[in-house]
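Thank you for making time this morning; I would like to walk through one model with you, from its overall layout down to a few individual side chains. Please look at the sequence and the structure first.

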Amino acid sequence: MLIIVPVGFQFWLLAVSLVASALGGMLGMAGGIFLVPVLTVFGRLDIHTAIGASIVSVIACSCASAKSFLGAHLTNVRLALVLEVATTCGALTGVLLSRVFPASYLFLAFALVLLLSAQQMLPRHRKRDCASSPGQDWHLFDSSYPDPVLGCTIQYRVRRLPLGMALMYGAGLVSALLGIGSGVLKVPAMDTALRLPIKVSSATSSFMIGVTAAASAGAYFILGDVVSSIAGPVVLGSVIGSLLGARILLAVSNDRIRLLLVAVLLLLAAQMIMQTFGIIRINGGV
Amino acid sequence: MSSTTLTRRFENRLAKILSYGTWLAWGTILLGGTLSALTDRITAGWGSTFVSAGIALFILLPVITLTMLLITFLKDRDYGFSAVAILVLAILFLSLSLGIISRGAPKKLVTPHSRHFAPALGAVFCR
């Protein structure tokens, strides 16, 4: 299927995905959660096309940011690999569900995830110091990372892996169904279930997102949901945006960004809920 | 600890490959997009192919990551993690084959695309 899109619209797509990914990048996540609502509500794209473009941009952002996380030795690669079994299974389920879910349900599900993200994003303060080393009973996934702020190496343990795996399955499902990285679900899951330090959670989640998204993106690519004339500009903008976002993250106060993003997320959630009812009306009229 | 240094070196190598891969795929899409923008019919066709190739490369990057992990684990004779890496790769291929199987099924995608798409844009051509 070859869809020709006007050049002007392609530039709009590029600009919008740049901004969406910059917003996401400020929090160390992919911009899918901002991108899909904007593409469907303002770009008037079919939600499957928007999800197809977004899921590829999620992979691109994950790969683009992997360098900085891996370089800082924050990623727990072994743990990521094991959790990826759960997330890819979830993604597989999500792809299957996306074929049977009506579009209006997708909009509603998206609104719920947006609200959940807004809640997650509210500023929280937690301190961690060098004294939290585990001592004896070294386990397979336990690891350590160098913390430049505290100036020491922090050791950590991985707890409650089965619960973590179950939550990851859900995160993978949501990721495939809605075309988002769902880092917003993975990070809290690792935080609460596995009790990982937040930096390790973000880095490991970002690493996993690429593999999880590849499971669904591959299927969507073959199914024709990934329209090259739309996904192309979206990916181009997303990579630049995520790198810009990471730069801004270093320059601006974290709490202020978070409050701004909470407002954006709430606004998008409202739009998606309105879209849900709009879709129902349109379908009822046909 | 020799195992730690090996992991660090592996992480650095992986970071480098992902970074090169990202820019290669990005450049391919940009090239395709530029070709498409030159309104010539032939270059537009080529452009679309390049964009698709770039997108496919992005989807392949995580597969390359997993393969690198698998090779490293096999070299270390870490068969448990090798098995996990193979399992994740198998799920990815299962997902791909799922796409291929469903593709054979009657397509309902084309109509909704054009229906939701056309009113906003005014000039969208489907062919």
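This is a predicted model: local features need pLDDT of at least 70, side-chain atom pairs count only at pLDDT 80 or more; totals for chains, interfaces and linings use all residues.

Read along the sequence, chain A runs in the order β-α-α-α-α-α-β-β-α-α-α-α-α, and that gives 10 helices and 3 strands, where helices (H or I, at least four residues) and strands (E, at least two) are DSSP runs numbered from the N terminus. Residues are numbered from 1 along each chain as its sequence is written, chains are lettered from A and ligands numbered from 1 in the order in which they are written, and side-chain values use heavy atoms, with hydrogens and water left out.

Chain A has 286 residues, of which 60% count as buried, and here buried means under 20% relative accessible area, exposed over 50%, and partly exposed in between, with a 1.4 Å probe and protein chains only. The chain exposes about 11000 Å², and carbon and sulfur atoms supply 66% of that area, calculated by the Shrake-Rupley method with a 1.4 Å probe. If we take contacts, meaning heavy atoms within 4.5 Å, with a separation of 6 or more in chain A, then 79% of them come from residues 24 or more positions apart.

How many salt bridges does a search of the whole structure find? Over all chains there are 2, a salt bridge being a side-chain nitrogen of Lys or Arg within 4 Å of a carboxyl oxygen of Asp or Glu. In one of them, the side chains of A:Arg78 and B:Asp78 meet at 2.8 Å, N to O. A:Arg78 sits in helix α4 (residues 77–100) of chain A and B:Asp78 in the loop between α2 (41–75) and α3 (79–104) of chain B, so this pair joins two chains. A:Arg78 is partly exposed, at 29% relative accessibility.

There is also a salt bridge between A:Arg99 and A:Asp225, whose closest N and O atoms are 2.6 Å apart. This pair links distant parts of the chain, 126 residues apart, with A:Arg99 in helix α4 and A:Asp225 in the loop between α8 (198–223) and α9 (228–251).

Leaving aside residues up to four places away in sequence, A:Leu97 touches A:Leu173 and A:Leu177.

In helix α3 (residues 47–71) we find A:Ser54, which counts as buried at 0% relative accessibility. With the same exclusion of residues up to four places away, A:Ser54 touches A:Gly32, A:Leu35, A:Val36 and A:Gly179.

Let me finish with a helix pair. Helix α6 (residues 161–178) and helix α7 (residues 183–194) of chain A pack at an angle of about 170 degrees, with their axes 9 Å apart, the axes being lines fitted to C-alpha atoms over the stretch in contact, and angles running from 0 to 180 degrees between N-to-C directions. That makes α6(A) roughly antiparallel to α7(A), a label for angles over 145 degrees. Among the residues that meet are A:Leu167 and A:Met168 in α6(A), and A:Ala189 and A:Met190 in α7(A).

Note on methods: Angles under 35 degrees count as roughly parallel, over 145 as roughly antiparallel, 65 to 115 as roughly perpendicular and the rest as oblique.
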